[in-house]
Amino acid sequence: MGRRIALYALALLCCSSLAAAVPAAAAPAPDPSAGGVGAAAVTFSDDFNGAAGSAVDGGKWQIETGDNVNNHERQYYTAGNNNAALDGQGNLVITARKDNPGNYQCWYGRCEYTSARLNTSGKFTSTYGRVEARLKVPRGQGMWPAFWMLGNDIGNVGWPNSGEIDIMENVGFEPGTVHGTLHGPGYSGSGGIGAGYTLPNGQAFADAFHTFAIDWSPNAITWSVDGNVYQTRTPADLGGRSWVFNKPFFIILNLAVGGYWPGDPNGSTPFPSQLVVDYVRVSTIDGGSGGTGGTITGLGGKCMDVASASSANGTPVQLYDCNGSAAQKWTVASDGSLRALGKCLDVKDNSTADGAQLQLWDCTGGPNQRWAVPDARDIVNIQANKCVDVAGNSSANGTRLQIWTCTGAANQKWTVNRG
């Protein structure tokens, strides 16, 4: 499947996932305010405040124009505020209409529909962070709203080598399901790597606003809907194919009409149809520390340390003399995780029992990787409601760290230096 990148005047096959929908997951999504982890630094934000009928901020967005033969979409994307305008109530409204006042020509002849597509290329790119939007999608056969990203090097390497991150796609014949997908070399189009998220109890996404987000770090991307994590993808999911997501990407919002995946509209499809966007926001994943990290010191003035400075999954986390190495540099992330060497502090086997050991592991967004860091100097695993604890109250180098019922003792007190 594909979308048209008018900016580069080339047609690209991309941006659809035929992955089967999966039930809504129960894992809580990142919450930047949880447990005193502190606010993340916002690097891009648009709340779409402005007078009704006005165009989007040209300092943040550019409007693409044209049709899309690759997906056999039916719309023509128009310029200005013809199909993308503020509503005066803090929203951007992208409107698909069954009209063609400009006599636009499409791949199939005179265009039957108009809509809008906007992107941040040349205005804003991001490498890593939390990328989110609060949206209300349209309903109806043939509707195809999307919130997604493309690698900023697409003009040089083409698609799919540029990589594509689909944060949210919805097709009208699946009113209760959205899809999140990765596309790259060897895993593009219908071969993209992704999953679906389905609302419970037969709800439809068009009935209300929902928040769609990714939490993106080196070698890991986690998707969530309304605070529910439903998938995490890492290079291990690609079967040896190239991971192309450790570089700058730009953001795209659009509402397509028809195409190979959603199928064409029919007599039941309401027009005009609207994708309503409350906000788009990008924030750092490390609470604004710039990724440098800081030490976490505890019993005997020693440091929380990754054994042998190894980033392998399952590496023990221990107490050790502070030495300034990367194995002792931790960031307090906006998703509630504690990160070192590109991975997360993890409670082994997702256990909530006293004595469950701590280790380094790929960041998954799971509850065994979410921590509160309150002023009382405890570090608390939110799921277990237990404290990071030095086993045996020993300050010897190599003493394993674990979780334990919070006692207020010295072996559970930590000073987090945010770097």
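I take a disulfide as a pair of cysteine sulfur atoms within 2.5 Å. The model is predicted: local features need pLDDT of at least 70, side-chain atom pairs count only at pLDDT 80 or more, and totals for chains, interfaces and linings use all residues. Residues are numbered from 1 along each chain as its sequence is written, and side-chain values use heavy atoms, with hydrogens and water left out.

**Entry 1. Disulfides**

I searched the whole structure and found four disulfides. Counting bonded cysteines along the chain, I get the pattern 1-2, 3-4, 5-6, 7-8.

I looked up Cys106 and Cys111, which are joined with S to S at 2.0 Å. Their link is right-handed, with 110° about the S-S bond. For burial I use relative accessible area: buried is under 20%, exposed is over 50%, partly exposed is in between (1.4 Å probe, protein chains only). Cys106 counts as buried because its relative accessibility is 9%. Cys111 is buried too, at 2%.

Next I took Cys344 and Cys363, joined at 2.1 Å from S to S. The S-S torsion is about 100°, so this disulfide is right-handed. Cys344 lies in strand β28 (residues 343–347) and Cys363 in the loop between β29 (358–361) and β30 (371–372), so the pair ties together parts 19 residues apart in sequence. My helices (H or I, at least four residues) and strands (E, at least two) are DSSP runs, numbered from the N terminus. Cys344 and Cys363 are both buried.

Then came Cys387 and Cys406, with S to S at 2.1 Å. The torsion is about 105°, so this link is right-handed. Cys387 sits in strand β32 (residues 386–390) and Cys406 in the loop between β33 (401–404) and β34 (415–416), so parts 19 residues apart in sequence are tied together. Cys387 is buried at 0%. Cys406 is partly exposed at 37%.

**Entry 2. Nonpolar cores**

I define a nonpolar core as a set of buried Ala, Val, Leu, Ile, Met, Phe, Trp, Tyr and Cys residues joined through side-chain atoms within 4.5 Å. The largest core has 52 residues, and Leu92, Phe147, Ile165, Phe245, Leu253 and Val280 touch the most other members. Strand β21 (residues 249–257) gives the largest share of this core, five residues.

I checked the contacts of Leu253 (heavy atoms within 4.5 Å). Not counting residues up to four places away in sequence, Leu253 touches residues including Trp61, Leu92, Phe147, Val277 and Val280. A second, separate core of 25 residues includes Met304, Ala356, Ile379 and Val388.

**Entry 3. Aromatic rings**

I pair rings of Phe, Tyr and Trp (its six-membered ring) if their centres lie within 6.5 Å; planes under 30 degrees apart are stacked, over 60 edge-to-face, the rest tilted. I find 13 aromatic pairs. Tyr76 and Tyr104 are stacked, at 4.2 Å centre to centre and 5° between the planes. The two are 28 residues apart: Tyr76 is in strand β6 (residues 75–77), Tyr104 in the loop between β8 (92–96) and β9 (105–106). Tyr76 is buried at 17%, whereas Tyr104 is partly exposed at 23%.

Phe205 and Phe212 have ring centres 5.8 Å apart and planes at 40°, so I log the pair as tilted. Phe205 and Phe212 are buried. I also note one aromatic cluster, formed by Tyr128, Trp216, Trp243, Phe245 and Phe249.

**Entry 4. Charges over rings**

I count a charge over a ring if NZ of Lys or CZ of Arg is within 6 Å of the ring centre and within 35 degrees of the ring normal. The charged end of Arg74 sits over the ring of Tyr108, 3.9 Å from its centre. Arg281 lies over the face of Tyr279, 4.1 Å from the ring centre.
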